[in-house]
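These are my notes from going through one model, entry by entry. I wrote down what I looked up and what I found.

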Amino acid sequence: MPHHHSHASHDHHHDREDGDHGHSHDHSDEVEPALQTLIWKQIDFESIRTLNESEPDQGAKVVEKTWPQRLNAEPMLQSDADEQLLMFVPFTGVLKLHSLLIRSSEDSSAPKTLKLFLNKDDLDFSAASDLQPTQTLELSQTSEIQELPVKRTSFGNTYSLTLFIEDNYGDDVTRIYWIGFKGEFMNLNREPVEVLYEKAANPKDHTLIQGVGDMSTQGTRHGM
């Protein structure tokens, strides 16, 4: 029996090394898939806007935390006048969003209802309250990382996300410690470049055509 026991623990040790089976090491299981699909460097941090944050750029700083920093208490996003928050997060290309990750707390400042709006860059609180969200998520009162899967069919072409925290668990203010995104980033740099190029080139083409026309007319006159 002792031999069998040591054999089992040896297997378990082996499992820990493999890292892809065995259930007692949730932490290492959690790290791997998250890092494979975590969207971070493709977030346009400088363009993040948060309404009703208690200090400027708090929202951006909470999103800017890296995966290893996700459990850090600071920086923190706290709402100001009431419990609602509205955050606009643009990406540097097109994202197939799979899930949203959030860390709040076990107390009544934890956000409760989160409404997601796809590719809307101009929402204010009244618009966010009136419009039909792309998806509504219910959040838990926990200091653990919550992973909230989204309807992938709805978020297949995500250029930006607007996160509307509509309410919390009763506190006057809402506090959030980390926000992350998982998905597939499609590096479609060619498409925006072509669009920009066309816009830039059109006036030039127009001028060139006029110029060529003028010259050929002058040439004809000159020749005549």
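Which residue in β7 stands opposite leucine 100? I found leucine 148 there. Before going further I noted that this is a predicted model.

**Entry 1: the whole chain**

I began with the overall counts. The protein has 5 helices and 10 strands. Of its 224 residues, 38% are buried. Taking contacts with a separation of 6 or more, 80% are between residues 24 or more positions apart.

I then followed β4, which covers residues 85-103. How many of its 19 residues are buried? I read 17, so the strand is mostly covered, buried here being under 20% relative accessible area.

I listed the pairings of β4 in turn.

- With β2, the pairing is antiparallel and has 3 bridges; arginine 49 has phenylalanine 88 of β4 as its bridge partner.
- With β7 (residues 146-149), β4 pairs in the antiparallel sense over 4 bridges, and the pair I opened with, leucine 100 and leucine 148, belongs here.
- With β8 (residues 158-168), I noted 7 bridges, again antiparallel; leucine 95 stands opposite threonine 158.
- With β10 (residues 178-186), there are 9 bridges and the strands run antiparallel; isoleucine 102 stands opposite isoleucine 179.

I kept one general point beside this list: side chains in a regular strand alternate between the two faces of the sheet.

**Entry 2: the largest cavity**

The structure holds 2 cavities of 30 Å³ or more. The largest cavity has a volume of about 50 Å³. I went through its lining residues, which include Leu38, Ile39, Trp40, Trp67, Trp178, Ile179 and Phe181. Which elements give two or more residues to this lining? I found β1 (38-39) and β10. The largest share, 4 residues, comes from β10.

**Entry 3: lysine 115**

I looked up lysine 115, which is found in strand β5. Is this lysine buried or exposed? Lysine 115 counts as buried because its relative accessibility is 14%, below the 20% cut-off. I checked its side chain for a polar partner and found glutamate 166, with a polar contact of 3.2 Å between the two side chains. Leaving aside neighbours within four places in sequence, lysine 115 also has contacts with residues including Pro133, Gln135, Thr162 and Phe164.

**Entry 4: leucine 77**

Leucine 77 is found in strand β3. Its relative accessible area is 1%, so I put it down as buried. I then looked for what surrounds it. Beyond the neighbours within four places in sequence, the contacts of leucine 77 include Thr50, Glu53, Val62, Leu85, Met87, Thr174 and Ile176. How far apart are the C-alpha atoms of leucine 77 and threonine 174? I noted 8.0 Å, for two residues 97 residues apart along the chain.

The peptide bond from glutamate 74 to proline 75 is cis, with omega near -10°. Proline 75 sits in the loop between α3 (58-64) and β3 (77-78).

Which residues other than glycine had a positive phi? I recorded aspartate 57, with phi of about 70°, and asparagine 119, with phi near 50°. Aspartate 57 lies in the loop between β2 (49-51) and α3. Asparagine 119 is in the loop between β5 (111-118) and α4 (125-130). Aspartate 57 is partly exposed because its relative accessible area is 46%, which falls between the 20% and 50% cut-offs. Asparagine 119, at 34%, counts as partly exposed too.

How values were computed. Residues numbered from 1 in each chain as written. Heavy atoms only, no water. Buried < 20%, exposed > 50% of the residue type's maximum accessible area, 1.4 Å probe, protein only. Pairing = 2+ DSSP bridges. Contact = heavy atoms within 4.5 Å. Polar contact = N/O pair within 3.5 Å; in protein donor to acceptor, adjacent residues only side chain to side chain. 1 Å grid on protein atoms, 1.4 Å probe; cavity = no way out; pocket = protein on both sides within 12 Å on 5 of 7 lines; lining within 4 Å. Points joined across faces, edges and corners; volume = space filled by probe spheres on them.
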